[in-house]
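Reader: I am new to this structure and would like to learn how to read it feature by feature. Could you show me the model and then take my questions in turn?

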Amino acid sequence: MGILTILALGGGAVVGVVGAPLVLGAIGFTTVGITAGSYAAGMMSAAAVANGGAVAAGSTVAVLQAFGAAGLSGIATAVATSAASGVGGTVATLALLI
């Protein structure tokens with residue numbers, strides 16, 4: 001494993017931990033609720049229509065709003081870190097092939 005791969009894995013992990021809350025906020029899942037007119041509001045509307053007027057507990061919208069309101073749990077942080085590290089490693093590997 002080369003230094004580029006190690007740096008990409010580490011960088012990907014940092015991006016995953018720092019970036020996940022930023023992305024949630026950017027699409028409308030904030031600490032004060034879902035932002036009106038946002039992508040999250042559209043998701044909430046579609047979920048409510050599909051469920052007869054309410055957003056189901058445990059649905060994607062409910063989980064993302066919980067993360068947006070309270071931050072990511074330890075498990076969610078680990079998942080985001082792992083996913084971003086994997087992307088970083090893939091980018092490093094592809095860079096070596098080019």
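Reader: Which residues does Ala69 touch, not counting residues up to four places away in sequence?

Author: Please keep in mind from the start that this is a predicted model. With neighbours up to four places away in sequence set aside, Ala69 touches Thr30 and Thr31. Ala69 has its place in helix α3, and its C-alpha atom is separated by 6.5 Å from that of Val32, a residue 37 places away along the chain.

Reader: How much confidence does the prediction carry, and where is it lowest and highest?

Author: The general idea is that where pLDDT is low, the predicted coordinates should not be read in detail. In this case the protein chain averages a pLDDT of 72, and 51% of the residues score at least 70. Confidence is lowest in helix α4, residues 74–97, with a mean of 58, whereas it is highest in α2, with a mean of 91.

Reader: In what order do the helices and strands follow one another along the sequence?

Author: The protein chain has four helices and two strands, and, read along the sequence, they follow the pattern α-β-β-α-α-α. Of its 98 residues, 26% count as buried. Among the contacts between residues at least 6 apart in sequence, 57% join residues that are at least 24 apart.

Reader: Why does Gln65 count as buried?

Author: Gln65, which lies in helix α3, counts as buried because its relative accessible area is 17%, under the limit of 20%. Leaving aside neighbours within four places in sequence, Gln65 is in contact with Phe29, Thr30, Gly33 and Ile34. The side chain of Gln65 also reaches the backbone oxygen of Thr30, at 3.2 Å.

Reader: Where does Thr30 lie, and what does Thr30 touch?

Author: Thr30 lies in strand β1, residues 29–30. A polar atom of the side chain of Thr30 lies 2.5 Å from the backbone oxygen of Gly33.

Reader: Where is Thr35, and is Thr35 buried, partly exposed or exposed?

Author: Thr35 lies in the loop between β2, residues 33–34, and α2. Thr35 counts as partly exposed, because its relative accessibility is 36%. With residues up to four places away in sequence left out, Thr35 touches Gly28, Thr30 and Ala41. Between Thr35 and Gly25, which are 10 residues apart in sequence, the distance in space is 8.9 Å, C-alpha to C-alpha.

Technical notes:
Residues are numbered from 1 along each chain as its sequence is written. This is a predicted model: local features need pLDDT of at least 70, side-chain atom pairs count only at pLDDT 80 or more; totals for chains, interfaces and linings use all residues. Side-chain values use heavy atoms; hydrogens and water are left out. Buried means under 20% relative accessible area, exposed over 50%, partly exposed in between (1.4 Å probe, protein chains only). A polar contact is a pair of N or O atoms within 3.5 Å; within protein, one must be able to donate a hydrogen and the other to accept it, and residues adjacent in sequence count only if both atoms are side-chain atoms. Contact means heavy atoms within 4.5 Å. pLDDT is the predictor's confidence in each residue, from 0 to 100.
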